[in-house]
Amino acid sequence: MGLRVSPEALAGEWSLSFADNDFVNAKPAGSRLGLAVQLKFFAAFGYFATDATEVPDEAISYLAELGVRETGLGGYDFSGRSGRRHCAGDSAPSGLSPHEAG
């Protein structure tokens with residue numbers, strides 16, 4: 001069993017802003033949920049997930065329900081080119097950067 005997230009934490013830490021939602025949904029369909037997961041995982045835990053098994057199932061379901069137009073992480077490779085690029089600090093609207101985790 002991996003990390004768990006309470007319902008209160010989902011609403012408080014895993015909700016997407018309008019800007020985040022627009023940013024994520026402008027990306028190719030296969031990477032939308034993965035990008036949203038990386039943005040919110042970093043905000044909640046201070047580092048990027050290296051594998052889908054690190055991400056709480058509740059958080060994935062919650063993000064999918066928020067309007068991220070992708071229903072699974074099957075098309076997102078956390079260690080692939082898109083995953084690495086997302087973690088490298090693509091100018092996300094939330095202003096998060098992996099260099100700030102320090």
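Modeller: Helices here are DSSP runs of at least four residues, numbered from the N terminus. The model is predicted.

Biologist: What separates Phe41 and Phe45 in helix H3?

Modeller: Phe41 and Phe45 are four residues apart in H3 (residues 29–45), so about one helical turn lies between them.

Biologist: How many aromatic pairs are there?

Modeller: Five, counting ring centres within 6.5 Å.

Biologist: Why is the pair of Phe41 and Phe45 called tilted?

Modeller: Their ring centres lie 4.7 Å apart, and the planes make 45 degrees. Stacked needs under 30 degrees and edge-to-face over 60.

Biologist: Is Phe41 buried or exposed, and how do you know?

Modeller: The relative accessible area of Phe41 is 0%. Buried means under 20%, so Phe41 is buried.

Biologist: What makes Phe45 partly exposed?

Modeller: Its value is 31%. That falls between 20% and 50%, so Phe45 is partly exposed.

Biologist: What makes the pair of Phe41 and Tyr47 edge-to-face?

Modeller: The planes stand at 85 degrees, with 5.2 Å centre to centre. The cut-off is over 60, so the pair is edge-to-face.

Biologist: Why is Tyr47 called partly exposed?

Modeller: Tyr47 has 38%, between the limits of 20% and 50%, so the term applies.

Biologist: Which residues form the aromatic cluster?

Modeller: Trp14, Phe41, Phe45 and Tyr47 form one cluster.

Biologist: How do H2 and H3 cross?

Modeller: The axes of H2 (residues 18–25) and H3 come within 9 Å and cross at roughly 145 degrees. The crossing is right-handed. Among the contact residues are Phe23 of H2 and Leu35 of H3.

Key
Residues numbered from 1 in each chain as written. Predicted model: local features only at pLDDT ≥ 70, side-chain atom pairs only at ≥ 80, totals over all residues. Heavy atoms only, no water. Phe/Tyr/Trp six-rings, centres within 6.5 Å; stacked < 30°, edge-to-face > 60°. Helix = DSSP H or I, 4+ residues; strand = E, 2+ residues; numbered from the N terminus. Buried < 20%, exposed > 50% of the residue type's maximum accessible area, 1.4 Å probe, protein only. Axes fitted to C-alpha atoms, helices over the stretch in contact; angles between N-to-C directions. Left-handed = near helix turned anticlockwise from the far one by under 90°. Contact = heavy atoms within 4.5 Å.
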